Amino acid sequence: MRESVIRRLSNLLSVKSLVTLTLTAVFAYMAAAGTISKDFMTIYAVIIAFYFGTQSRRDKGAGEGGSHGDGS
């Protein structure tokens with residue numbers, strides 16, 4: 001259990017996750033301020049789709065006995 005928590009925290013600190021979390025914070029700020037531009041919305045949507053697409057692919061591979069992203 002502890003190893004799982006440590007692994008998840010270390011994955012959260014990856015560059016991809018930090019970029020996604022930062023952009024989400026900026027998106028939330030811009031939404032609250034009412035200043036979201038169309039260009040930012042497009043960039044944000046592409047990055048979020050990439051993040052969740054790779055996450056889904058890694059989870060699916062691990063569920064099928066693959067070794068994607070688990071260090072094996």
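pLDDT is the predictor's confidence in each residue, from 0 to 100. The protein chain has a mean pLDDT of 80, and 81% of its residues reach 70 or more. This is a predicted model, in which local features need pLDDT of at least 70 and side-chain atom pairs count only at pLDDT 80 or more, while totals for chains, interfaces and linings use all residues. Residues are numbered from 1 along each chain as its sequence is written, and side-chain values use heavy atoms, with hydrogens and water left out.

**Make-up**
- The protein chain contains 3 helices and 0 strands (DSSP runs numbered from the N terminus: helices are H or I of at least four residues, strands E of at least two).
- Of the 72 residues in the protein chain, 14% are buried (under 20% relative accessible area; exposed is over 50%, partly exposed in between, with a 1.4 Å probe and protein chains only).

**Confidence**
- Among the elements, H2 has the highest mean pLDDT (89) and helix H3 (residues 38-63) the lowest (81).
- Over residues 65-72, pLDDT stays under 50, and the model has 5 contacts beyond four places in sequence for them (heavy atoms within 4.5 Å).
- Where pLDDT is low, the predicted coordinates should not be read in detail.

- Leu 13 lies in the loop between H1 and H2.
- Leu 13 counts as exposed because its relative accessibility is 59%.
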